[in-house]
Amino acid sequence: MGTTVIRGGLVITAADETNADILIESGRVTALAARDSEVARRWAESADRVIDAAGKYVIPGGVDAHTHMELPFGGTSASDTFETGTRAAAWGGTTTIVDFAVQTVGESLRSGLDVWHAKADGQCAIDYAFHMILSDVNEDTLKEMDGLVDEGVTSFKLFMAYPGVFYSDDGKILRAMQRSAGNGGLIMMHAENGIAIDVLVEQALAAGRTDPRYHGEVRHALLEAEATHRAIQLARVAGAPLYVVHVSAMEAVAELAQARDMGLNVFGETCPQYLFLSTDNLAEPDFEGAKYVCSTPLRPKEHQAYLWRGLRTNDLQVVSTDHCPFCFKGQKELGLGDFSKIPNGLPGVENRMDLLHQAVVDGHISRRRWIEIACATPARMFGLYPRKGTIAPGADADIVIYDPGATQVMSAETHHMNVDYSAYEGRTVTGRVQTVLSRGEVVVDDRSYTGRAGHGRFTARETCQYLG
Ligand code: DUC
Ligand code: ZN
Ligand code: ZN
Ligand code: ZN
């Protein structure tokens, strides 16, 4: 691989905005120099490739720390493979995903991780890493956690929801947290009171409330807040840091804010669907609401302002997608007549960087905060920084040339995710990915795909770098 120079753009990281040219050698950023400086001119003269970024932003590739490619769920399987899902990610300006490997009840973490490697290895267009879902916490599982941390799987998701599937009771959660306090792993929590939710599901169905919108009602905001509170207290008792995934309720944000005001290592993630969609979508007629069934659920619109505020005040630190696509035809339709049978999840891995840029245009966040919540902080949180998440000497050359003035209409007609609908169908956004580099290789070249399955590598992660 020769040398590449990216010339003439505005380089935006979480820390700075600078008019700089970038020198890339052997897949890494080796130097930045002031635009039009003597040294930058010399680089351009001798480079194998010069990419013109005049009038564009030059940003770190996105880090999506929450995806579910090929996740078996609700009697079906998420419709993006690692191949299709990572290609769509690249199209959307994301160059690293962290996907959730799943432990099957009764089996080891090792066998779950092996299954995920078999799905992903040799298939990905961009770099990938894994978290591990703990579905069966026992003595063996706890011991295995230490080994996973050593091999770069340094975070573990637990579920307070989904009794009988992924669910862990408080005792199991406490044990896993105690173990992670000792081995440096980060516990990620799906914070919803699944036992109480199951009662409300049963009551709703018995009363004939079967439409998708009841999914939002039974998964009550207070049951998210209660679980968030409980997870925080358990983490305090264990002396472990905690990362709460897919926060959607304003009452849960308040729990996180209170914990952080106490100085605790408690972190929160939200997702574009909670920032841009609402229970209005769940109530769409003709079963269309099923397209918006995910857990935690979409909330009434008034919650959005609290999520934006949390992102500005750093009570929420990360926006990831929880990308978990199911086609409307044949998959979401499994829940016709019973909302509890609709497979949970929304597509979004391709849309995140653009939607958050729209949030910059709309004045919710600054440009640097955009990069912080979508690139730098997820990389630091999950032990990928500074290889990923920034543009600096030594970093992997995972770089996006972003056109801030272009407009696009989001649509299933034009997206690259393997799913038959867009959660943002018909939405016009300002800004568009133009060119994407993954470790110095151009994988999207001026809006045409030049990547390949197998370019992406498994990336062993350090432990969380975001404590204190
Ligand atoms: N939530 C979803 O929406 N899908 C998969 C798992 C989850 O927790
Ligand atoms: Zn979850
Ligand atoms: Zn998830
Ligand atoms: Zn999820």
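A helix axis is a line fitted to C-alpha atoms, for helices over the stretch in contact, and angles between N-to-C directions run from 0 to 180 degrees. The exercises below concern a predicted model.

**Exercise 1.** Determine how helix α5 is oriented relative to helix α8, and which residues form their contact.

*Solution.* 
Step 1. Helix α5 covers residues 170–183 and helix α8 covers residues 221–238; their axes come within 9 Å and cross at roughly 45°.
Step 2. Angles under 35 degrees count as roughly parallel and those from 65 to 115 as roughly perpendicular. The two helices are therefore oblique to each other.
Step 3. The crossing of α5 with α8 is right-handed.
Step 4. On the α5 side, the contact involves Asp170, Ile173, Leu174, Met177, Gln178 and Ala181, which meet Leu234, Ala235, Val237 and Ala238 of α8. By class, these residues comprise 8 nonpolar, 1 polar and 1 charged.

**Exercise 2.** Carry out the analysis for helices α13 and α14.

*Solution.* 
Step 1. Helix α13 (residues 352–361) packs against helix α14 (residues 367–381) at an angle of about 150°, with the axes 9 Å apart.
Step 2. Angles over 145 degrees count as roughly antiparallel, so α13 is roughly antiparallel to α14.
Step 3. The crossing of these helices is right-handed.
Step 4. Arg352, Met353, Leu356, His357 and Val360 of α13 make the contact with Arg367, Trp370 and Ala374 of α14. The classes represented are 5 nonpolar, 1 polar and 2 charged residues.

Conventions:
Residues numbered from 1 in each chain as written. Chains lettered and ligands numbered in written order. Predicted model: local features only at pLDDT ≥ 70, side-chain atom pairs only at ≥ 80, totals over all residues. Helix = DSSP H or I, 4+ residues; strand = E, 2+ residues; numbered from the N terminus. Left-handed = near helix turned anticlockwise from the far one by under 90°. Contact = placed C-beta atoms within 7 Å. Nonpolar A, V, L, I, M, F, W, Y, C, P; charged D, E, K, R; others polar.
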